[in-house]
Amino acid sequence: MTQLALIVLIPFIGALLPSWALTAGRLWSAWVTGGVVVSALALLVAPAWAVMQGETLLWQLDWLPALGLSLGFRLDGLALLFALMILVIGLLVILYARWYLAERDPMGRFYAYLLLFMGSMLGLVMSENLIQLLMFWELTSISSFLLISYWRQREDARRGARMALAITGGGGLALLGGILLLGEIVGSYDLSTVLAAREIIHAHPLYLPALVLILLGIFTKSAQFPFHFWLPHAMAAPTPVSAYLHSATMVKAGVFLLARLFPALSGSEAWTWLVAPTGMATLLIGAYTALFKHDLKGLLAYSTISHLGLITLLFGIGSPLAAVAGLFHIMNHATFKASLFMAAGIIDHEAGTRDMRRLAGLWRFMPQTGLLAMIAAAAMAGVPLLNGFLSKEMFFEKTVYMATFEESTWLLPVLATIAGALAVAYSLRFIHDVFFNGTPTDLPRTPHEPVRWMRVPVEILVVICIAVGIFPSLTFGPLLAVAAGATLQAPLPAYSLKVWHGFTPALGMSMLALSGGALIYAIRRPLFRWHERTLGQLDARWLYEVWERALLQGSRVLDHLIHRRSLQDMLAVLIIAAAAMLLLGFWGMPLTGSATLTPLDPVSAAAAFCLAVGALGTVVLHRQRWTALVMLSVVGLIIALAFVKFSAPDLALTQLAVEMVTIILLLLALHFLPAETPRESSLARKLRDLLLALLGGGLTTVLTWAVLTRPYDSISDWLLRNSVPGGGGSNVVNVILVDFRGFDTLGEITVLAIAAIGIYMMLRDLRLEAPRADAQGRPWSSDAHPLILATFSRLLLPLALMVAVFILLRGHHLPGGGFIAGLIIAVALVMQYLANGVLWTQTRLSGELHPLIGLGLLLATATGLGSWYFGAPFLTSAHGHWSVPILGEIELASAMLFDIGVMLVVIGITLVILIRLGRIGLMQRRAPISNSDPKP
Amino acid sequence: MEALIALVIGLLAGCGIYLLLRARTFPVVLGITLLSYAVNLFLFVMGRLSIGVPAIIEPGRSAYADPLPQALVLTAIVIGFGMTAFVVVLALRARADLGNDHVDGREP
């Protein structure tokens with residue numbers, strides 16, 4: 001079932017396309033984006049069929065099984081329900097947005113963000129591993145941040161996006177804690193195991209903390225009281241975004257998790273008391289506030305909060321039937337709320353305002369939109385024969401059931417009826433204030449029907465509302481059944497999806513709500529006046545703002561305390577801290593261990609003496625920068641010798657080559673920097689630094705001594721034993737680099753490539769004044785390149801390249817390899833620049849060199865991926881013997897290709913840095929002079 | 001020999017730290033280079049000192065130097081070069097854009 005992974009992956013890959021397609025026109029961009037979604041839907045068909053037959057599809061790729069980390073996707077009824085909502089409503093939103101976005105809005109960015117968000121949501125609902133689920137959860141927070149702040153020039157959009165990110169991101173942090181606890185309790189992060197471990201979870205002492213943390217994540221995401229305030233502020237997003245995020249996706253992620261973990265977590269007293277009251281409070285507060293919002297989208301936002309509260313309440317009740325009702329309402333709410341948001345967007349788009357105090361009588365101008373909005377609003381209010389009625393009916397029934405059989409209170413049904421009446425009232429207001437209620441007076445433009453295609457998505461959704469409202473069991477019925485089965489992980493309770501259940505208490509509540517809603521709307525004027533005076537003053541946002549301000553202030557104070565705005569002071573703090581930790585950690589341990597020591601020989605002592613002179617010379621002479629550099633190179637060379645002495649020929653070769661390029665680089669840099677360092681440190685500063693240096697150096701010495709005198713066990717025996725049979729090479733160091741730890745090496749050359757990109761960007765249009773004379777005022781020589789050096793370097797080039805190839809080829813068996821070969825080639829080429837000048841070399845070695853870096857990375861990665869083709873894990877190497885005419889028997893390992901990739905990256909980065917620096921000098925002097933000759 | 005190595009590493013680290021604390025970019029770069037020598041050597045000798053036994057498999061030989069620290073240090077050397085190059089170019093850019101070579105970007 002690789003398809004499952006593909007379905008999630010497609011939107012992520014597809015996110016690259018819209019901007020590219022935009023070059024062909026805005027319509028194309030929409031088509032391509034739609035195509036991405038359609039192809040994901042097409043892939044979903046076959047798995048969906050299997051799921052509808054009652055199967056649960058799983059696909060798993062182990063990553064770190066020991067830590068419970070794996071990439072796993074799962075498609076069961078619940079995941080299918082959400083995947084379908086995400087994809088289908090996403091498709092409609094894409095169509096709608098094509099006409100909604102103005103010419104000046106960058107469409108490619110919009111669709112790219114939308115697809116990113118869609119992929120994150122799909123990954124979230126289809127995750128089998130809980131940690132992976134959390135990753136996608138965070139991705140939805142981030143991508144919704146990008147969507148909400150799409151109009152980034154607007155202050156309210158940035159603010160709303162930041163608030164949404166802060167709240168949902170904070171909730172995500174709590175969720176991380178909760179999921180880690182849950183995984184700790186169950187002993188596995190696999191959903192299948194967790195869902196089956198109800199008894200273990202409930203009996204564990206950590207159940208309550210885990211539950212509270214997970215619920216915090218859910219409540220913040222699903223905008224439950226008291227975290228609901230971010231949702232209205234997220235309305236600063238373009239309306240297609242609101243239609244998508246607040247109907248079918250983002251806020252539903254919270255209730256999705258509630259449903260997903262329902263069999264594992266629900267059924268305890270803590271669950272009921274935490275979830276149900278939160279849902280109830282949110283339901284009431286949302287419905288009440290929605291009534292008093294003058295902004296169309298504000299009304300819809302609070303109504304969304306209220307409906308989410310209803311769903312949460314249903315899951316909080318905890319009975320299987322209530323969960324079924326909750327799922328049903330998730331589906332219904334997605335359809336009618338998406339269409340209402342789209343209708344609000346059309347009104348805003350065509351009339352120029354969303355303020356219900358200015359809008360009126362639009363029925364005359366846009367009757368078709370009006371009709372659609374009316375049906376959708378009626379579904380929201382719970383009018384019979386529409387889908388909203390059915391799930392609301394089920395909800396009323398559950399509250400009555402709770403009241404009669406489980407709790408002896410009538411509070412629940414009464415509150416539910418009040419919330420229902422409020423919903424009727426705000427739905428009435430949405431329709432009456434906008435489409436009737438007199439004639440419009442001061443609209444920014446004359447309203448008219450929108451483009452045909454802009455209405456199509458609304459029409460489709462409204463048709464679904466009606467079809468489900470009349471034939472529930474034929475339409476949503478089968479999907480609801482599998483989704484409920486997957487949510488409960490148990491046989492389905494008996495329920496019936498019918499329009500007419502006879503005269504039940506629930507029907508009575510519905511009728512009460514409808515008439516009560518009409519009554520509330522009728523007395524709205526005194527109600528509004530009363531609200532303005534009293535509750536209208538309250539806003540949950542102030543709490544957030546107080547917190548935000550306090551946090552910012554706190555960070556500022558902390559920053560002032562520790563950030564001294566001086567690199568020297570910061571480094572001093574760092575060194576003291578490191579020394580303190582070293583002392584604390586090792587205090588009281590014996591200094592000398594019991595290992596046998598190696599005898600000292602005079603040559604080593606002499607070499608060490610040279611090194612000491614070099615190092616101290618660098619420090620003492622650091623003001624005369626050129627001399628200090630010469631001293632430094634002495635140190636580097638002796639280190640290379642030390643590697644030779646202590647059985648590390650590969651290291652010696654690498655150190656030698658790196659030493660050369662480093663010194664050339666520093667010489668080039670010195671050309672553009674002052675030749676001498678001014679005397680500016682005070683005596684106290686020097687003494688402090690000397691003390692720190694003595695402290696650091698002394699502790700390092702002690703630490704090294706302590707380690708070296710202790711015996712030790714190495715894990716390298718395994719590497720030594722398996723190098724030839726497993727890796728096909730006798731140079732163990734090289735085999736470790738390209739085979740055993742090949743993944744690390746891939747990471748390391750990637751780091752190199754990133755550094756090279758940074759350097760490339762910093763060197764681009766860098767303007768530096770090269771000095772024309774040295775410190776003593778002597779002008780720089782403009783000598784042509786020394787003839788002998790130039791001639792010899794040309795002769796040497798093929799030889800150097802041949803040596804490099806030789807080093808590369810033998811690297812697997814004898815000292816050598818890609819790193820060293822790459823450095824040798826780089827040095828050979830740089831040599832040409834030095835001896836013959838940039839111009840001469842450039843005419844012969846044309847073309848940019850930085851593509852080499854990409855090529856090398858690609859080759860190394862492709863070698864790794866190649867092993868997948870043979871069914872082996874990433875970067876598995878193969879080796880064998882081939883007999884080649886003339887050359888005879890040779891042994892080749894696939895690791896060789898990897899090593900060539902490494903080599904290309906090393907050549908690329910070295911040459912990009914050195915040659916570009918050299919060219920800057922050339923631009924300055926405009927004469928073909930050797931750029932690195934530092935001697936005046 | 002162990003004492004000598006310990007002293008050498010300590011000396012390199014001390015010299016590196018002193019230069020690291022200077023106020024101008026070029027000595028800092030020299031300091032970083034010295035410090036990375038010290039760190040590379042330190043990592044390398046974590047495999048202990050062994051003479052004349054390179055980690056190249058030969059039939060009939062049983063003593064080998066520890067190859068793991070060597071492989072670590074090999075990449076560390078190359079990455080160290082990448083880092084030095086980055087810092088050097090950063091220093092050049094800072095000089096070009098800010099007009100001085102002080103580490104804080106402003107003359108004291």
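In this predicted model, helix α3 (residues 26–52) of chain A packs against helix α4 (residues 77–100) of chain A at an angle of about 160°, and their axes are 10 Å apart. Angles over 145 degrees count as roughly antiparallel, so α3(A) is roughly antiparallel to α4(A). The crossing of the two helices, α3(A) and α4(A), is left-handed.

On the α3(A) side, the contact is made by A30(A), T33(A), G34(A), V37(A), A40(A), L41(A), L44(A), A48(A) and V51(A). Facing them from α4(A) are G77(A), L80(A), A83(A), L87(A), G90(A), L91(A), I94(A), L95(A) and R98(A). By class, the residues of this contact between α3(A) and α4(A) are 13 nonpolar, four polar and one charged.

An unreviewed UniProt entry annotates residues 67–111 of chain A as "domain: NADH-Ubiquinone oxidoreductase (complex I) chain 5 N-terminal". Over residues 67–111 of chain A, 64% of the chain is helix and 16% is strand, with the end C-alpha atoms 36 Å apart.

Further along, the domain assignment divides chain A into domain 1 (266–522), domain 2 (594–674) and domain 3 (730–936). Where domain 2 of chain A touches domain 3 of chain A, the contact takes 16 residues from domain 2 and 22 residues from domain 3. Helix α30 (residues 649–672) of chain A gives the most to the domain 2 side, with 15 residues. That side holds 13 nonpolar, two polar and one charged residues.

Between the chains, the contact takes 95 residues from chain A and 78 residues from chain B. The largest share of the chain A side, 14 residues, comes from helix α31 (residues 683–708) of chain A. The residues of the chain A side divide into 60 nonpolar, 27 polar and eight charged.

Note on methods: Residues numbered from 1 in each chain as written. Chains lettered and ligands numbered in written order. Predicted model: local features only at pLDDT ≥ 70, side-chain atom pairs only at ≥ 80, totals over all residues. Contact = placed C-beta atoms within 7 Å. Helix = DSSP H or I, 4+ residues; strand = E, 2+ residues; numbered from the N terminus. Nonpolar A, V, L, I, M, F, W, Y, C, P; charged D, E, K, R; others polar. Domains from an automatic or database assignment. UniProt positions renumbered as here; feature names shortened; annotations may be inferred. Axes fitted to C-alpha atoms, helices over the stretch in contact; angles between N-to-C directions. Parallel < 35°, antiparallel > 145°, perpendicular 65-115°, else oblique. Left-handed = near helix turned anticlockwise from the far one by under 90°.
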